[in-house]
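Subject: Structure handover

Hello,

Here is the structure for you to look through. My notes on what turned up in it follow below.

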Amino acid sequence: KQIRWTSNMPGAAVDEENVLHVNGSGELAALAKTFNTMMDRVQSAFDTQRNFINDASHELRTPLTIIQGHLELMGDDPVEQQETLALVMDELDRMGRFVNDLLLLAKAERPDFLACETIALAPFTDEVFSKITTLGDRNWQLTNQGTGTIVGDRQRLTGAIVNLAQNAVQHTQPTDIIELGSESVNGQVRFWLRDTGVGISPADQARIFDRFARAANTYRKSEGAGLGLAIVKIIAEAHHGHIELTSQLGHGSTFSLILPADDAKRTGG
């Protein structure tokens, strides 16, 4: 539902788009411009919230429909019952992961979202590499292990890198390379995940970190909810860092998790 406003302000009128038309350049005109900017933000927040609820409802409705349909059709055959049970448990696991992702995104606004500690960069990189190599049959490579230490939440950072690796697995083939590396350089700590997969179009690169985003064409082939990269983004931002992406269709992608100098302690690159 659109937000509707009326105004008796001289020199301003409200059109069908609920925007104050500004005439002149005085104080009232400046106030009208400020009002329009504020209402744009409010409307955008309402739209985002509505879209989030709609998308979340859709993601939960699909597994529920699958579960209900198979339970209704299940017969007395023990083999069929076991197959149905396995399918139901798989869908329930998927719903559980989705709900946990939503909770993680909600917790990102809380001051206790991070439990920071001093982390030795080289062994941490090696530890994460050991974990991600179990995600799929790929040509895994550990190309660099940065030296020194970094201050951050070990579990959150591990989760962010694992999400990037899972994303790479979903969009590569067994013969493709997936490379993990870390470095301390120019006052920053950088973790990167590079793959030789399908790549991402420029149009999709601007939106794949949005919640529930799914890139067009061949990029997102999985049945995920589109929250993995959004989670990576909020973990990076919680560490006062950011995510960078370079990609070209047909030549793969490189995701870089970059943390600023004031969140890291280093002894070398």
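Start with one pair. R190 and E183 form a salt bridge, with their closest N and O atoms 3.1 Å apart. (A salt bridge here is a side-chain nitrogen of Lys or Arg within 4 Å of a carboxyl oxygen of Asp or Glu.) R190 is partly exposed, at 24% relative accessible area. E183 is partly exposed too, at 22%. (Buried means under 20% relative accessible area, exposed over 50%, and partly exposed in between, with a 1.4 Å probe and protein chains only.)

Before you go further, the ground rules. This is a predicted model: local features need pLDDT of at least 70, side-chain atom pairs count only at pLDDT 80 or more, and totals for chains, interfaces and linings use all residues. Residues are numbered from 1 along each chain as its sequence is written, and side-chain values use heavy atoms, with hydrogens and water left out.

Overall picture

The protein chain has 6 helices and 10 strands. (Both are DSSP runs numbered from the N terminus: helices are H or I with at least four residues, strands are E with at least two.) Of its 269 residues, 37% count as buried. Take the contacts between residues at least 6 apart in sequence: 65% of them join residues at least 24 apart. (Contact means heavy atoms within 4.5 Å.)

Other salt bridges

The count comes to 6 salt bridges. One of them joins the side chains of R194 and E179, at 2.7 Å from N to O. R194 lies in strand β7 (residues 188–195) and E179 in strand β6 (residues 177–185), so this pair ties together parts that are 15 residues apart in sequence. R194 is partly exposed, at 27%. E179 counts as buried, at 10%.

R154 and E127 also meet in a salt bridge, at 3.3 Å from N to O. R154 lies in helix α4 (residues 154–170) and E127 in helix α3 (residues 121–132), so the pair ties together parts 27 residues apart in sequence. Both count as partly exposed: R154 has 25% relative accessibility, and E127 has 29%. They belong to a network of salt bridges that links E117, E127, K131 and R154.

Helix α4

Next, the helix that holds R154. The 17 residues of α4 should span 24 Å at 1.5 Å a residue, and its end C-alpha atoms are 24 Å apart, which agrees. (The expected span is 1.5 Å times one less than the number of residues.) At the start of α4, a side-chain oxygen of D153 reaches to within 3.1 Å of the backbone nitrogen of Q155. The buried residues in α4 are L157, T158, A160, I161, L164, A165, N167, A168 and V169.

How does α4 sit against α6? Two packed helices are described by the angle between their axes and the distance between the axes. The axes of α4 and helix α6 (residues 228–238) come within 9 Å and cross at roughly 145°. (Axes are lines fitted to C-alpha atoms, for helices over the stretch in contact, and angles run from 0 to 180 degrees between N-to-C directions.) The crossing is left-handed, meaning that the near helix is turned anticlockwise from the far one by less than a right angle. On the α4 side, R156, L157, A160, N163, L164 and N167 take part; they meet G228, L229, I231, V232 and I235 of α6.

S182 is in strand β6. At 0% relative accessibility, S182 counts as buried. A polar atom of its side chain lies 2.9 Å from the backbone nitrogen of G146. Leaving out residues up to four places away in sequence, S182 touches L121, T125, N144, Q145, G146, R190, F191 and W192.

T254 is in strand β9 (residues 252–259). T254 counts as buried, at 14%. Beyond its neighbours within four places in sequence, its contacts include R190, W192, R194 and E244.

Q173 is in the loop between α4 and β6. Q173 is partly exposed, at 46%. Its C-alpha atom is separated by 9.4 Å from that of G136, which is 37 residues apart along the chain.

Best wishes

Notes. A polar contact is a pair of N or O atoms within 3.5 Å; within protein, one must be able to donate a hydrogen and the other to accept it, and residues adjacent in sequence count only if both atoms are side-chain atoms.
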